[in-house]
Amino acid sequence: MKRIDIVYEKLLELAINNGIDAQSLAEVLGLSRANVSSELNKLCEMGKVRKTTGRPVLFTPIDNEDVDHVKYMTTLDKLLKDNKSLKTAGEQAKAAILYPPRGMHTLILGDTGVGKTMFAGIMHKYAMEMGKMPEESPFITFNCADYSNNPQLLISQLFGVKKGAYTGADSDRIGLIEKANSGILFLDEVHRLPAEGQEMFFTFMDKGIFRRLGETDLERKSSVLIISATTENPESSLLKTFTRRIPMIIRIPGLNERGMEERFGLITNFFREESFRLDREIRVSVNSMRAFLSYICQNNVGQLRTDIQLACAKAYADLLSHKKDDVKVNSPDLPNYIREGLYRETEHRQFWNKLIGINNHYCIFSKDDVKLIFDNEKSEGNIYEIIDYRVNQLKNRGISGQELEDIIEKDIENYFTQYFHGVNSRLNIGSLINVVDEIIIDVVEEIIKYSELKLNRVFSQKVYLGMAIHIEASVERIKKNKKIINPQLYKIRSEHSTEFNVALECLKMIERAIDISIPIDEAGFLTMFFILDNEPEKDDFDKVGVIVIAHGNSTATSMAEVTNQLLGVEHAVGINAPLNDSPQSVLIRVKEYVKSTNNKNGFILLVDMGSLSTFGDIIEEELNTPMRVIQLVSTLHVIEATRKAMLGYGIDKIYSDVKSIKKIDDEDKNEEPIDDKKYVILTACTTGEGSAIAIKKFLGSHLKFDNKIFEILPINIIGKEEINQRIKRVGREKEIICIISPFDLNTSIPQYGLEEVLNLMAIKKIQEIIDIQNTYLKMGETLKHHLKNVDGIRMFEDIKKVISSIEGELKIKINTDIMIGIVLHIGCMIDRFIGQESLVEYNCKEEYIRDNQELHNCIKNSLKFINKKYDINITEDEICFIMNFFDSSKTIDNSVLA
């Protein structure tokens, strides 16, 4: 008798209601836990045993009825198993199909794209699987909208035509009702069926008889189950006498009602379908997965599937054109409306981290894979990739022989030293089951017990965690037919023979549990876990420190807080540099913090700009503490620096690695920057920041604006020269729309005195500036509703680029109210060109161009981008109309431009 049969029989014999764990069953049988666990998991896959979630995992046998049910699960049951939101609809569908004698006519309700046609098709399969319809029974689909404007033709399609019924009917023709005999006729968009067509169905649905168009005395019979679908309210779009004859009404929920986990399941299935079609692996970046999970999908499941197909088609085209080495979907390749899913609510981000994780870079889809595979393409990789890469790198540099071996030996030792602490700081025993296969967890437990006994030692938790993750990676590598090579195998075997011999026995345990052959080189790596466990782990104060310094009241502390939360540590420190604080006072605070830690390993200083970048040299000279400064900091830089520091990397390694990364992930390197600039009302006072804040509160109570877009920024100044410098500094990061100041400043920015504000004379003017700016920012929505041939929201971004280009070339700043007119004009112009509508001529254009040649050339060059993107050719007449907006000597006739 095979071992699997012995395990199954003993499980049936014990028959404990709540189940039994693998360890207890192994003790009863006198077998190893790893072997028993392996057989139990195979029985689960066969449908003979079920197991609980959580720890400990309990196993119970499934009775024969349940086994048969698993084995013969219908298509409808499989759908419901993975889509809990369809449970009610599924039960209704079963009732409709099984109802004697021939089922119940059904109406399916749901928005466009929810899958009404697919659901009707599954009902048809279910009817055949349950023996309610013959195996070859037809499933005929008819869209009533195709013939809604011709009721006679529509009715002839459904019921058939008698020869001579109308001009052109030169022969008898059967209708869809006859073709669907013994099967299902699916009427999509049934609300487009005219009243007379609905009435003709009355007799058929009541008695199963009908007449072809033109017949008066002959009655025909057909056994057809009618399933219809509509996106409309049936009470207002269908005759009541028609709906009364449809006893079963099923509603299919929209994608936004189906939950994130269900949506994730749909996405993975769609990518697997495309992998099957392409007959190759598809790699999808985690940011792309997040975008697909959360973007607003107006047309439900149908649009989701289409969008995924288009993304895969684009990735496949990039492969064929040699832009990429494999079929890889990256977020920069996705349309903007999908990428917007990356910026959705916090609860979505929490779900992403739970389901996908923070550190993974790619999801890998293959037609042969049952479970989703994640791939982390970080540079440090696993030990095998490091060795492969390092050996090739050193050989290319001309290093070989003993020198190469010494370097590789040091790399391996450093890897395992950092690896120990890395897994120990980010994982615990409870969370291990989420990232490592349960069989591997079981075999590692067996390895630890055996090794502790043989080596007479007690291993720390970090050995357990590190070994489990390492073995998981090793097994995956072997399954993909990748080699495992340990260049230091002989040296490890010679210097640590006792530990190596134990590791050899451990390899046998892994091979028995997972049924694969593992090369002896792996024993060398396992030995490293045994010999390095004695080395003390670095405490936090032994790690390189990370300090973020940035201008603003909370910028630095916010970045540090986000980093610490994501990594689950308290290591990054933020020191804010408010705009009214002198650099000297900020420097003093930084020095005090560095002195208080007494960290001799040094600090990475991540700063945003300006004089903060000089702090590193000053502190290193005064305190004799190593400092490395990285400018133009982003949250990504802080996360990477902190992560490397927690892994025990040295200061120079962290510095070089963090400097090499871009502002955004490599997989998003082509993505367009997000316009998150705030628009600022600057309030300046010479009597202290408190007065400026009081004015801010006064303005806040009298003005209406969106806090996400507009900001009132109070600053304390000493004299006119300082405020000019402060204005320039703020203007680099934000757009100042007006200034409240006691000085009369030499600037084109609108400005108001304190008295004008306090007596409310300036409030109306400032509100107008806010309203105009707000209108401009929402021009994309305005264009969306005005234009017929192009997406207004996307076009707005293109027009902004054109305006910015012209402003830069002419060295001017266009008022916002004029920009609104420019955007509206160019948008309508492009729409007219695409729609091939008639265009307006510009009077005396040759003379106007001749007199304004520089302006003409500037605008014409800036519009080349529009010509190319929208495949149009903007005429000289239209260029002249646009020139009017930038030519202060012209008065624009808006009636002509619109």
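Tutor: Two strands pair if DSSP finds at least two bridges between them. Strands (E, at least two residues) and helices (H or I, at least four) are DSSP runs, numbered from the N terminus. This is a predicted model, where local features need pLDDT of at least 70, side-chain atom pairs count only at pLDDT 80 or more, and totals for chains, interfaces and linings use all residues. Residues are numbered from 1 along each chain as its sequence is written, and side-chain values use heavy atoms, with hydrogens and water left out.

Start with β2 and β3. Strand β3 covers residues 58-61 and runs antiparallel to β2, with three bridges joining the two. Look at Arg50: its bridge partner in β3 is Thr60. Now widen the view. The sheet is open and has three strands, in the order β1-β3-β2, paired antiparallel. The edges belong to β1 (20-21) and β2 (49-51); each has a single partner strand, so one side of each is left without a neighbour in the sheet. Helix α1, residues 3-14, packs on this sheet and touches β1, β2 and β3. Contact here means heavy atoms within 4.5 Å. The direction of α1 makes about 85° with that of β3. Such axes are lines fitted to C-alpha atoms, for helices over the stretch in contact, and the angles run from 0 to 180 degrees between N-to-C directions.

Next come the charged side chains. A salt bridge is a side-chain nitrogen of Lys or Arg within 4 Å of a carboxyl oxygen of Asp or Glu. The structure holds 28 of them. Take Arg283 and Asp326, whose side chains meet in a salt bridge at 3.8 Å, N to O. This pair links distant parts of the chain, 43 residues apart: Arg283 sits in strand β13 (residues 282-285), and Asp326 in the loop between α15 (300-320) and β14 (328-329). Arg283 is buried at 10% relative accessible area, while Asp326 is partly exposed at 26%. The cut-offs are under 20% for buried and over 50% for exposed, with partly exposed in between (1.4 Å probe, protein chains only).

Within it, the closest N and O atoms of Glu39 and Lys42 are 4.0 Å apart. Both residues lie in helix α3 (residues 33-45), three residues apart, about one turn of the helix. Glu39 is buried, with 5% relative accessible area. Lys42 is partly exposed, at 37%.

Arg277 is exposed at 51% relative accessibility, but Glu274 is buried at 9%.

A disulfide is a pair of cysteine sulfur atoms within 2.5 Å. The count is zero. Cys506 is buried, at 0% relative accessibility. Cys844 is exposed, at 54%.

One last stop is Glu768, in helix α34 (residues 763-777). Glu768 is partly exposed, at 44%.
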